Amino acid sequence: MTAAAFLPWLIVAMVVVAAVQIARRVILWRSGRPARVDWLAGLKALPRRYLVDVHHVVDRDRSASRMHVPTAGGLVLACALLVVGLVPAIAASRLYFGLVALAFLVMTAGVVLEVRRRYPRPLPRLSLGQWQKLPIPLGVFALGGFVTAFLASLGDPLPAVSILTLLLTTAAGLGLAGMAGHGPMRHALAGAAHLAAHPRPERFGGGRSTELRPIDLDAPGTGKLGAETPADFAWNRLLAFDACVQCGRCEAACPAFAAGQPLSPKHLIVDLAAAAGGGYAQPYAGNAYPNARPVGGAAGLHAPIVSPEGLVHPDTLWSCTTCRACVEECPMMIEHVDAIVDLRRFQTLERGAVPLKAEEPLANFRGADEPNGRALAERTDFAADLRLKVMKDGATAEILLWLGGAAFDLRGQRTLRALILALNAAGVEFAVLGEEERDCGDLARRLGDEATFQRLAKANVATLSQYRFSRILTADPHALHVLRNEYPAFGGSFDVVHHTAFLAEMVAAGRLAPAALTGKAVTYHDPCYLGRYNGEIEAPRALIDALGLERREMARSGRRSMCCGGGGGAPVTDIPGDTRIPDIRMGQASDTGARIVAVACPQCTAMLEGVTGERPEVRDVAELLWEAVQAGGRNEAAAVKAGEPA
Amino acid sequence: MRTLVLLSDARHPVSGRPHLSRLETQAIGLAASLDPAARGLHAGSGEDAVRAGLGHGLAGLDVIETTGEADPLPALVGFLADALGGADAPELILAGRRGEGGFETGLVPYLVAERLGLPIVADAVAIRAGEMPGTLVVDQAMAKGARRRVTVRLPAVVTVHPLSPLPRPFAYGPMRRGRIRRHSPAAEQADLPAVAKMAGHGTVAGRAEDTGGTTVGPVDVVPADERPHRARPKLMRTSGTAAGGANLHVGPDPTEAARLILDYLEANGIRRYGKAPE
């Protein structure tokens, strides 16, 4: 009997050890809140989700996919083959062991590539500790398995060597299986389960699911709102936290981390996973929260997570801009923003523990339906000379123009005026809600004040349902996202279009004839709530191209664009960092050499215009278009004049 | 220290909707710092707005259901007289310093104190229990940032100044769970000459909490006097001559510097010290 004959039994032992380890986590997951999971569909879709959706994300970092495909593929293949080897007739075949050796060889190649990512110096975003040591057991297992199987395929010419390599393989294999509960290898089992039981299955197969889910505010009894302890998360959220591979892509993409605010999405997710298990099984070995606030470190399934005594400091929670860059980057499809909003909901709804400056807009929301405490009747004051039609006065219109909070802001008004003038020039029939337009509630919801959001949502849906129009047009991506994706849960399904898409339509249809604005290089900053949340990255670019402007792309653009720092209530929570997010983003814009940053969101406009010093000019796409249309009108007039007989 | 906060029928200054007065949320903040079981008391027709007090830290709310047009004073006095006579009598009654509900007189705390024979201390910015049991130390806000510390024997009525500390931010969950005890107004409806007299005198500037404006008759609004044009000092013209070397003082001591500045301001008519305005 050759040493290799024991390899199948090693796999059986590893499965048993891993099952025992992961069972301890399964018990933890089961103490989460219930969640409806379509297991059948999830399991059926699992291979596709793993091999296509996950691979697409992993593959953005080529060194990661080149490392992971052979490592995981070789490991799974070798284990599967070895399980087949439990049949004695097959195990007697030398060809069979040749195949096993080949699988181990593939895995060895993967481990070599992994080693090159981590030694001599690991990528700065990677976690060290057990993760840094992981290539050692993986490598020993792969190489030992290879040598053992290879010798067996040759007829075991060196029995002593095979026994030695079998022992090494066994030690490494059992070590890996032992990491399935608390160590790095947890990601394999938890990750697969997470893909099957994902809380947003719509995300896979090219779909999108970015809306926050409502919570039941009138739940009977004294059920708490939001998440205070790990047990308050749905079970599949706890599972998601365990799936983290600590690759740090979220951290590298996080604007708050870059600005030195005390947030790292990776650290937060690992904290949440550790909190469920009652603290860290081994110390966290990634980058600390920048300017980390001291915390007590108390943890447990029923211990508060966010508190100066717990694992996560409140400042960490309030640093997030909800830009979803972390979610976009995460190869394990973890939903960081959902977790942060759940935690915020508890702080806001149950403890009233919002940062002091954030209480003011929330109080204004409660009293006046508007975060700045402005009278709703004043919303159209900026356009007093433009004779806006108001729905309440019996106007019927194809397009309902949702003005949003920008109508109260001097800078936002300039954009809106450009948009309205362009609409008039294109002969678009449109009307506004006037004083019946309440704020959409985006800010309240991101700050965790779900009660206020739901009240505003219901009121707005009721108002909108009274009127007949075919589309809602808005210049605010936050309002767009809320109206399009979050109001359906409150009974209002509307066709919402962003002004960049609408104006691009008008230009394509020839209803607007912009002249070419030559001689200016433009870089376009994608608003998170338009690009990442709604996938609209083409229309604004098409519009800029139609204006004949030279368009330069920033290093981070499209769906991987970087946040301006204006989302998620971050400007009102105002957690101090080393620098400001808009400064970083403006730096990236300046690096393109463009003289204009084109924006498509009033928040981005405000944040980027707040950057001091020499910088590119900030212009909304609507403003650029209107300038071009005016220039076109002048040219036309001049042409007509020139054609007239003297 | 058992504490009660009077909650009025305030209107939001922008939207005009019923809401919880900001001043009263500050009163709740002060109350909660002394008594974690502080309760609110409201007499009126609707509780939707004052319920928010539960979200700012009140442990409970008593609502005396009166009709929209009724004067809340008898209901409040009746309830408080009962409460002061019973077990768990409130020792401290907090209220805002002004009404925020339109035509209100702002006199309710004073009238409540008068009817119940309690001392009243106005414009508190900070309160704490006194060293002697049964006393309260109140920091009052005075004009120009001055503060006065007074000690008052409990029970007492204290009104709260807008410069008192910010309250705990609103939380929806505690409001939802908070218990509201509803009471019907006391049967005895004493006639209230004092209210009628004072309310009748009311100008728009004098408003009361909780009266809902109902006992107030038509309000006399004295039209503002038309102010004739007055020649203002031409500072630009005079400053050139006044800014000569004679006015340059290097390193004077602070008292001297202050006197020189005041002299200068007076000499140029910017500040008329002690004189009545023309």
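Helices (H or I, at least four residues) and strands (E, at least two) are taken as DSSP runs and numbered from the N terminus. All views below show a predicted model.

**Figure 1. B:Leu166 in a loop of chain B.** The loop that holds B:Leu166 runs between strand E10 (156-160) and helix H5 (172-177) of chain B. Leaving aside residues up to four places away in sequence, B:Leu166 touches A:Leu356 and B:Arg22. The C-alpha atom of B:Leu166 is separated by 21 Å from that of B:Gly101, and the two residues are 65 residues apart along the chain. Chain B as a whole has 8 helices and 11 strands. Of its 278 residues, 43% are buried. Among the contacts in chain B with a separation of 6 or more, 68% come from residues 24 or more positions apart.

**Figure 2. The interface of chain B and chain A.** Chain B gives 15 residues to this contact, and chain A gives 25 residues. About 1,500 Å² is buried between chain B and chain A, with 52% of that area on carbon and sulfur atoms. The rule finds 2 salt bridges across the interface of chain B and chain A. A salt bridge joins the side chains of A:Asp369 and B:Arg17, with an N to O distance of 2.8 Å. Across the interface of chain B and chain A there are also 9 residue pairs in polar contact, both residues being at pLDDT 80 or more. On the side of chain B that touches chain A, 7 residues are nonpolar, 4 are polar and 4 are charged.

**Figure 3. Domain 1 and domain 2 of chain A.** The domain assignment divides chain A into domain 1 (3-193), domain 2 (225-281 + 297-351), domain 3 (361-507) and domain 4 (511-632). Between domain 1 of chain A and domain 2 of chain A, the C-alpha centres are 28 Å apart. The contact involves 27 residues of domain 1 of chain A and 31 residues of domain 2 of chain A. Together these two domains bury about 2,500 Å², of which 56% is on carbon and sulfur atoms. Within domain 1 of chain A, the residues that lose the most area to domain 2 of chain A are A:Trp29, A:Arg33 and A:Arg125, which together make up 27% of what that side buries.

**Figure 4. Polar and charged pairs between domain 1 and domain 2 of chain A.** Across the interface of domain 1 of chain A and domain 2 of chain A, the rule finds 4 salt bridges. A:Arg60 and A:Glu329 form a salt bridge in which the closest N and O atoms are 3.6 Å apart. Polar contacts across the interface of domain 1 of chain A and domain 2 of chain A number 15 residue pairs, with both residues at pLDDT 80 or more. On the side of domain 1 of chain A that touches domain 2 of chain A, two or more residues each come from helix H1 (7-30), helix H2 (39-58) and helix H9 (186-196) of chain A. That side of domain 1 of chain A has 14 nonpolar, 6 polar and 7 charged residues.

Figure 5. Side chains of opposite charge can pair when their charged atoms come close. Over all chains, a search of the whole structure finds 60 salt bridges. In the salt bridge of A:Glu335 with A:Arg203, the closest N and O atoms are 2.8 Å apart. A:Glu335 lies in the loop between helix H15 (325-329) and helix H16 (336-351) of chain A, and A:Arg203 in the loop between H9 and helix H10 (235-242) of chain A, so this pair ties together parts that are 132 residues apart in sequence. A:Glu335 and A:Arg203 are both buried. A network of salt bridges links A:Arg200, A:Glu202, A:Arg203, A:Glu211, A:Arg213, A:Arg237, A:Arg324, A:Glu335 and A:Asp338. A:Glu450 forms a salt bridge with A:Arg345, and their closest N and O atoms are 3.1 Å apart. Because A:Glu450 lies in helix H20 (residues 450-466) of chain A and A:Arg345 in helix H16 of chain A, the pair ties together parts that are 105 residues apart in sequence. Both A:Glu450 and A:Arg345 are buried.

**Figure 6. The salt bridge of B:Arg182 and B:Glu47.** The side chains of B:Arg182 and B:Glu47 meet in a salt bridge at 2.6 Å, N to O. B:Arg182 lies in strand E11 (residues 179-183) of chain B and B:Glu47 in the loop between strand E4 (39-44) and helix H2 (52-55) of chain B, so the pair ties together parts that are 135 residues apart in sequence. B:Arg182 has a relative accessible area of 47% and is partly exposed, whereas B:Glu47, with a relative accessible area of 16%, is buried.

Notes. Residues numbered from 1 in each chain as written. Chains lettered and ligands numbered in written order. Predicted model: local features only at pLDDT ≥ 70, side-chain atom pairs only at ≥ 80, totals over all residues. Heavy atoms only, no water. Domains from an automatic or database assignment. Contact = heavy atoms within 4.5 Å. Buried area = accessible area lost by both parts, 1.4 Å probe. Polar contact = N/O pair within 3.5 Å; in protein donor to acceptor, adjacent residues only side chain to side chain. Nonpolar A, V, L, I, M, F, W, Y, C, P; charged D, E, K, R; others polar. Buried < 20%, exposed > 50% of the residue type's maximum accessible area, 1.4 Å probe, protein only.
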